[in-house]
Amino acid sequence: MKTWRTLGLGLTAAVLLVGIVACGNEKDSEKTGNNSSANNEQITVNVATGGAPKPFSYVNDSNEIDGYDIQVVKAIFEGLPQYKLNIEKTEFPSIFAGLDSDRYQIGANNFASNAERKEKYNYSDPIFKNQFVIAVKEDRTDIKSFADLEGKTTEVSPSVNYTVALEKYNKEMAKTPVVLKYSDAELVTILQNVESGADDFNLIDAAMLQLYIKEYGLKLKAIPLSQEDTDRIGVPYSYLILSKGGNSDQLLKDVNGRIQGLIQDGTVSKLSEQYLNGDFAPEVQ
C-alpha cells in the first residue's frame, strides 16, 4: 500500500513536471512564432501613376491599370517578397506631391531625368531607352530642329521633361518663344491636333509616336533630334522615381537589383516587344 502511494506521488509529480515543461515550450513556441511573424512582415510600397500616356501607363479594357511601366514594376516586385505592392492611379501632379510626403514611395509614368527632380527624388536604374523626336504632319518640311520651333505652337503637359526643356529654351535661347499650350488632354488628341494643323508639332519618344501612328492611322512623321537638341531634353532613358522617405535607400537598392536581373534575363525586352513593338531595353549596368 505504501509502495503504491509512493508510486502515485511520483507519477503525479512527473505529470506536473511535464505540464510545466509543456507550458514553457508552448510559450517559447509562441514567442518564436511572434518573432518570425514580425521578421516576415511585408513593407507596403505604394506606386503612383497618372494612367497616361499609353503604352507606358493606361487603363485597359478590363478597367485595370496597365502599360509598360506598370508591368515592369510588377515584375520587379514579384521577386521582392519582403514588399507588398500597391499601385494607384492619380492626377499627374499628385504623383510628385505624394512622393514629397512619402504617401507614395515610387512614381511610374515614363519619367525622364532632369536636374530639378534629381535634387528631390531618387532615380532607379533606367527601364527604357529610346530616341526623342519631333512629331509633325507628313507634308511639313520647315521643322528640323529646336531652332525651327520658335514661334510655333505645341500642346504640352505641365512638368514633363519635354515641357521643361521647351520652357528652358524659351527662357535662355529663343528669340521668339515657342508657344506652349498647357493641357491635360490625352496624347492621341494632342497628336491629332498636330495632324490637323491646329498645333505645329509635338516632342515625343520615337517608339511612342510609331505606336500611335500605327494604332490610330495618324498622318505624322518623326524628325530625329540632333545630339545637341537631345541633350536639351535629357538622356533618352525612362526611370522609376522614388521618394526619399525612411526606407528609401534599401528600397532603391532592391529595385535596382531586380531591374538589372530583369534586363539580363530578357524580361524587360519581352515586355518592351509586347507594349512598345520593339526592344528598347537598356544595357545591363
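Trainee: What should I know about the model before I start?
Mentor: It is predicted, so local features need pLDDT of at least 70 and side-chain atom pairs count only at pLDDT 80 or more, while totals for chains, interfaces and linings use all residues. Residues are numbered from 1 along each chain as its sequence is written, and side-chain values use heavy atoms, with hydrogens and water left out.

Trainee: Okay, how do the axes of H2 and H9 cross?
Mentor: The axes of helix H2 (residues 68-78) and helix H9 (residues 248-264) come within 9 Å and cross at roughly 105°, which makes H2 roughly perpendicular to H9. Helices here are DSSP runs of H or I with at least four residues, strands are E runs of at least two, and both are numbered from the N terminus. Axes are lines fitted to C-alpha atoms, for helices over the stretch in contact, with angles from 0 to 180 degrees between N-to-C directions; under 35 degrees counts as roughly parallel, over 145 as roughly antiparallel, 65 to 115 as roughly perpendicular and the rest as oblique.

Trainee: And which residues make the contact?
Mentor: On H2 they are Val 72, Ala 75, Ile 76, Phe 77 and Glu 78, and on H9 they are Leu 251, Val 255, Arg 258, Ile 259 and Leu 262, where contact means heavy atoms within 4.5 Å. By class, eight of them are nonpolar, none polar and two charged, with Ala, Val, Leu, Ile, Met, Phe, Trp, Tyr, Cys and Pro counted as nonpolar, Asp, Glu, Lys and Arg as charged, and the others, Gly among them, as polar.

Trainee: Switching topic, what volume does the largest pocket have?
Mentor: The largest pocket has a volume of about 770 Å³, and among its 36 lining residues Ala 52, Pro 53, Ser 157, Val 160 and Ala 185 lie nearest the centre. On a 1 Å grid over the protein atoms alone, a pocket is an open set of points with protein on both sides within 12 Å along at least five of seven lines, a cavity is a set where a 1.4 Å probe fits but cannot get out, and lining residues have an atom within 4 Å of a point. Grid points are joined across faces, edges and corners, and a volume is the space filled by probe spheres set on the points.

Trainee: How many cavities of 30 Å³ or more are there?
Mentor: There is one, and the largest cavity holds about 70 Å³ of space, with a lining that includes Asn 110, Phe 128 and Tyr 237.
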